[in-house]
Amino acid sequence: MHPMLNIAVKAARRAGNLIHRAADNIDHLTVAKKSHADYVSEVDQAAERLIVQTLLDAYPTHAILAEEGGAQGQSEYVWIIDPLDGTTNFLHGIPQYAVSIALQHNGVLTQAVVYDPTKNDLFTATRGRGAYLNDKRIRVSKRKEIEDSLIGTGFPYTRFENMDAYMDIFKDVMQKTAGLRRPGAASLDLAWTAAGRYDGFFETGLKPWDIAGGALLISESGGIVSDLAGNQNFLTSGHICAGNPFVHEHLLKIIAPHLTDGLK
Ligand code: IPD
Ligand code: CA
Ligand code: CA
């Protein structure tokens, strides 16, 4: 394993263990509301501190971009961290959440970990070396027909600017595929797509820490990841479409007619 991935795995496991222990005690946690329907708990913050500490102990000169603490430091190496992706699920006792850690080197994603502590599923990838679930190599699904495909998505819940376009896309995708799922943790949705569980995934309004780890998992498992128009700026726009090459292309075609007014 690449030494930088090894440190990221150590950080993700430490945070995952902390989250897993805290899951027994959700009724007693301190929770704050960042904005409408956007929550942060003391567990998100403690997990993030543990991750940042583990990474900076190993690489003190590296920079950090983390959900709760924001940007820290200046370096060609930037760690992009979501300490607890799926906070709403976590706070409701729904076992679908993950720790996501990715490394960007000179703007290119090079290492990724998405760790699901309730299932002990560790998804990892190093650029050019493939993607893994625990010790097993993973690949995107081979399904070609869109009508047989299972698609993951995320519903808008804090920002509603793109709601109309989203609902139109949603209706169309529902009618043209075998089904849609909204499990509630974007990093895991992408990891599951990389592992061939979903054939494709799309969502709008995400942040870099929701997507960075999952995006590298997708490309290293033979999938395609882009924004909703097929361009590569998904990390900054937060609009993302991913899947096996066939389903990704089908999804872009379904989505295209609904983007005439653009997305914010
Ligand atoms: C959220 C989850 C969710 C997605 C949201 C994200 P958080 O992350 O990934 O699936 O739909 O847009 O913000 O807030 O639980 O870390
Ligand atoms: Ca998140
Ligand atoms: Ca989070």
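**Exercise 1. Which residues in helix 5 are buried?**

Before starting, note that this is a predicted model, in which local features need pLDDT of at least 70 and side-chain atom pairs count only at pLDDT 80 or more, while totals for chains, interfaces and linings use all residues. Residues are numbered from 1 along each chain as its sequence is written, ligands are numbered from 1 in the order in which they are written, and side-chain values use heavy atoms, without hydrogens and water.

Solution. Step 1: take buried to mean under 20% relative accessible area, with exposed over 50% and partly exposed in between (1.4 Å probe, protein chains only), and helices to be DSSP runs of H or I with at least four residues, strands being E runs of at least two, both numbered from the N terminus. Step 2: helix 5 covers residues 186–194, and nine of its nine residues are buried. Step 3: these are Ala 186, Ser 187, Leu 188, Asp 189, Leu 190, Ala 191, Trp 192, Thr 193 and Ala 194. Step 4: after the helix comes Gly 196, with a positive phi near 80°.

**Exercise 2. Find the sheet that helix 5 lies across, and describe its strand order.**

Solution. Step 1: helix 5 lies across strand 11 (150–153), strand 13 (200–203) and strand 15, at about 155° to strand 13; angles run from 0 to 180 degrees between N-to-C directions of axes fitted to C-alpha atoms, for helices over the stretch in contact, where contact means heavy atoms within 4.5 Å. Step 2: the open sheet has five strands in the order 12-11-13-15-14, with mixed pairing, two strands being paired if DSSP finds at least two bridges between them. Step 3: strand 12 (179–181) and strand 14 (224–226) are the edges, each pairing on one side only. Step 4: strand 14 and strand 15 (residues 240–243) are antiparallel over three bridges, and Ser 226 stands opposite Cys 241 in strand 15.

**Exercise 3. Identify the protein donors of the calcium ion (ligand 2).**

Solution. Step 1: count as donors the N, O and S atoms within 2.8 Å of the metal (3.2 Å for Na, K and Ca), remembering that water is not among the atoms, so sites may look incomplete. Step 2: Asp 82 (OD), Asp 85 (OD) and Asp 210 (OD) coordinate this ion at 2.0 to 2.3 Å. Step 3: Asp 82 also coordinates the calcium ion (ligand 3), which lies 3.8 Å from the calcium ion (ligand 2). Step 4: both Asp 82 and Asp 85 are buried.
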